[in-house]
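Welcome! Please take a look at the structure first.

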Amino acid sequence: MAAAQEHPAELPECPSHAGGGLLPAELRAWMLLLAATGAVEQRLRSVVKETLDVSHDEFLILCLLAEVEREGLRMTRIAELLGRPKTRLTYQIACLQHAGLVTRKAACGDKRGIEVALTDKARRQIRDASAALAETVGQAVGHVIGPEQREALCALIPELADDTPRP
């Protein structure tokens, strides 16, 4: 099993790849999107651990926080966006805080609300690791998404069919 994970090319192809089954184009595209997401997550796990020394789930939290202003996000919003239970998120935030990657503070005007923000240390580490992480994502998606898969995804997202750049 470990060998198959090390060499994703040896894994069986996603059944939705070929098409022609019972699924309409939108569901086939969704299945391909799930396959691409799985491939990215599988490859990212080791790179994230090596470059940032955090779990994949903790990495997703850092990514969310990296895309917002320095004030951060409320924990309830992070839980909603990641589809995670609040209790699990509390543990992950505690781990990130212990590593010096996030800060927690009471939300302004709400005693029960907690806001989480990246530290400067986390910002530096994400910036330093971003090239390796982006390359990993590109390779994983490239492995799963070929011309036929792109066509299937266009059924789900028609704007992909239009090659003109969007503002």
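A salt bridge here is a side-chain nitrogen of Lys or Arg within 4 Å of a carboxyl oxygen of Asp or Glu. By this rule the model holds three salt bridges. The model is predicted, so local features need pLDDT of at least 70 and side-chain atom pairs count only at pLDDT 80 or more, while totals for chains, interfaces and linings use all residues. Residues are numbered from 1 along each chain as its sequence is written, and side-chain values use heavy atoms, with hydrogens and water left out.

| Salt bridge | N to O distance |
|---|---|
| Lysine 49 and aspartate 53 | 3.4 Å |
| Aspartate 57 and arginine 84 | 2.8 Å |
| Arginine 77 and glutamate 80 | 3.2 Å |

Aspartate 57 sits in helix α3 and arginine 84 in the loop between α4 (75-82) and α5, so this pair links distant parts of the chain, 27 residues apart. Helices are DSSP runs (H or I, at least four residues), numbered from the N terminus. Arginine 77 and glutamate 80, in turn, both lie in helix α4, three residues apart, about one turn of the helix.

Helix α3 (residues 56-66) packs against helix α5 (residues 86-98) at an angle of about 80 degrees, with the axes 10 Å apart. That makes α3 roughly perpendicular to α5 (65 to 115 degrees counts as such). Asp57, Glu58, Ile61 and Leu62 of α3 make the contact with Leu89, Gln92, Ile93, Cys95 and Leu96 of α5 (contact means heavy atoms within 4.5 Å).

Methods:
Axes are lines fitted to C-alpha atoms, for helices over the stretch in contact, and angles run from 0 to 180 degrees between N-to-C directions. Helices (H or I, at least four residues) and strands (E, at least two) are DSSP runs, numbered from the N terminus. Angles under 35 degrees count as roughly parallel, over 145 as roughly antiparallel, 65 to 115 as roughly perpendicular and the rest as oblique.
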